[in-house]
Amino acid sequence: MISELVSEMAMGKSIIIIGAGITGLSAGCYGQMNGYRTSIFEMHDKTGGVCTGWKRKGYTIDGCMHWLVGTSPANSFYHIWEELGVAPGWSIVDHEQYMSIEGEGGKVFTVYADIDRLEQHMKELAPEDKDVIEELTKGVRDCTRMNMPMEKAPELYSPIDGLKMMFTTFPLLRSMRKWGKVPSLDFARRFKNPFLRAAFSTTFIADVADFPILCMLMTLAWLHRKAAGYLVGGGLALSDAIERRYLSLGGELHCKSRVDEILVESDKAVGVRLADGTEHRGDIVISAADGHTTIFDMLDGRYIDEKIRGYYDNPKLFPPLVYIGLGVARSFDSVPSSVAGMSFPIDKPVTIAEQEHKRLGVQIHNFDPTLAPKGKTVLKVQFNTDYDYWKKLRQAPERYNAEKEQVAEQVITALDQRFPGLAASVEMHDVATPMTWERYTGNWRGSYEGWLPTAQSLRLRMSKTLPGLDNFYMAGQWVEPGGGLPTAAMSGRNVTQIICKKDNRQFVTTMP
Ligand SMILES: Cc1cc2nc3c(=O)[nH]c(=O)nc-3n(C[C@H](O)[C@H](O)[C@H](O)COP(=O)(O)OP(=O)(O)OC[C@H]3O[C@@H](n4cnc5c(N)ncnc54)[C@H](O)[C@@H]3O)c2cc1C
């Protein structure tokens, strides 16, 4: 009787959500499904956050999507994409390769998605590394048996749920413990073959060298099982679909509405103040925006403890990017499609933010016809870069713009070496920097995916609440180390479950 009464009361409750990235949109959808009245306030003029794309001269530069975990119905994430109205009416490409890495003298290491093919190829390249290769591919095969339960927010696990989880993961526990502790770079150093060792460490795992190798094994396992394909249309297709689902569930969306302050009365969040000075009240506030801005600006650093301060004082973040999009009047039919493109050595290093790059990695979007006019292709090149360099340069707009032009020129010249004649076919170029991400998404220090996973942070569970503040929650990549699209969608779902539990309501989901 009492619980019914509380449920009735929850029916009328309102939730204010800050940020319309995948997390905010997801929280909005699940909030609506559970009878809350939700309003999302987004500072940009469109939804999606970092899951986006931008149009230039008839081309669309995808700003996000390489792979989306959960594209196979057998994967536990799939039904979240169904609930959010993305699956099943989507178009998915399952690449046969993760990437290809070219070396000197025509050598190529192709990271095939099919694990048997990968094993055979690696043994042909480096017979002396048979044992390490078999250990690696066994690890991948073990991971193919892993399907993480997603139904319940870990914060709500009872001891019985914990036991069930142990039971589900038990056969793989040893393997997970082993691979969860080994940084990718340490693993790469075990290859004796110089080409394979260099290809592995300087390219394949270069961006994730500190990540436990388990992350790479899981990636390869998902690709092998065709559970992490590319959604045609890229980031825009994903965010547009979830935005449509949110609006169809009756959610309220306010774009061009930057939140400056979270309103607090008697240590309870009661609403938000926007940059235009208007105030909006709600029973619950969820911030699905950047963590640093939320804690230190919107809440003025008043609700924090040593643990949280520690994360922000010694941040280990995904490095920000310089991201070059090119529109090329050429089809690239002979280049196999892949998750992360191809990497090759260049004669003249490309210098960006005073750092020399001796290789170039290019993603050739010949597998997504929606991004370019017929017979033409979008190419994408990205480099990790130094945030402070670009921050300083941005203060001198002319120099900043000249530097971006110079980056594009160097990249086009390097690509022309590998694809002779390419330079003459470039119809569009566009350079995004950490300042671009900062301006459009507010992500701290331009980090595009929040906290970098390490062997320590992989096991870290960050709290979705702040000490001493009621009716307030955080969700998204700033409380889920490692970030990613499925994690963002799940974070929005989980935070809604936590709110339902507090309101003594049964969490429900609906299908479109
Ligand atoms: C180049 C790139 C490639 C990626 N590739 C992949 C991939 O292949 N697969 C994968 O799974 N993941 C990938 N990711 C990561 C993934 O896109 C992100 O982890 C995820 O989209 C984060 O979603 P989010 O909603 O938590 O955060 P965000 O997308 O950052 O959303 C936060 C939102 O809050 C808004 N906001 C901020 N401050 C305010 C304010 N004051 N007031 C109002 N609104 C505010 C922002 O504008 C933004 O819309 C990639 C990301 C990038 C950038």
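A residue counts as near a molecule when one of its heavy atoms lies within 4 Å of it. Keep that in mind as we walk through this predicted model, where local features need pLDDT of at least 70, side-chain atom pairs count only at pLDDT 80 or more, and totals for chains, interfaces and linings use all residues. Residues are numbered from 1 along each chain as its sequence is written, and side-chain values use heavy atoms, with hydrogens and water left out.

Let's start at the ligand. There are 39 residues around it, and Thr23, Glu42, Cys64, His66 and Gln477 come nearest. Sort that shell by type and you get 22 nonpolar residues, 14 polar and three charged. (Here Ala, Val, Leu, Ile, Met, Phe, Trp, Tyr, Cys and Pro are nonpolar, Asp, Glu, Lys and Arg are charged, and the others, Gly among them, are polar.)

Now look for polar contacts, pairs of N or O atoms within 3.5 Å. A backbone N or O atom of Cys64 sits 2.7 Å from a nitrogen atom of the ligand. The side chain of Gln477 has an N or O atom 2.7 Å from one of the ligand's oxygen atoms. On its own, the ligand has 1000 Å² of accessible area, and the protein covers 97% of that (Shrake-Rupley method, 1.4 Å probe).

What about the protein's own interior? In soluble globular proteins, nonpolar side chains tend to be buried together. The largest nonpolar core here has 107 residues, and Trp81, Phe109 and Phe200 are among those with the most contacts inside it. Such a core is a set of buried Ala, Val, Leu, Ile, Met, Phe, Trp, Tyr and Cys residues joined through side-chain atoms within 4.5 Å, buried meaning under 20% relative accessible area (1.4 Å probe, protein chains only).

Key: Polar contact = N/O pair within 3.5 Å; in protein donor to acceptor, adjacent residues only side chain to side chain. Buried < 20%, exposed > 50% of the residue type's maximum accessible area, 1.4 Å probe, protein only.
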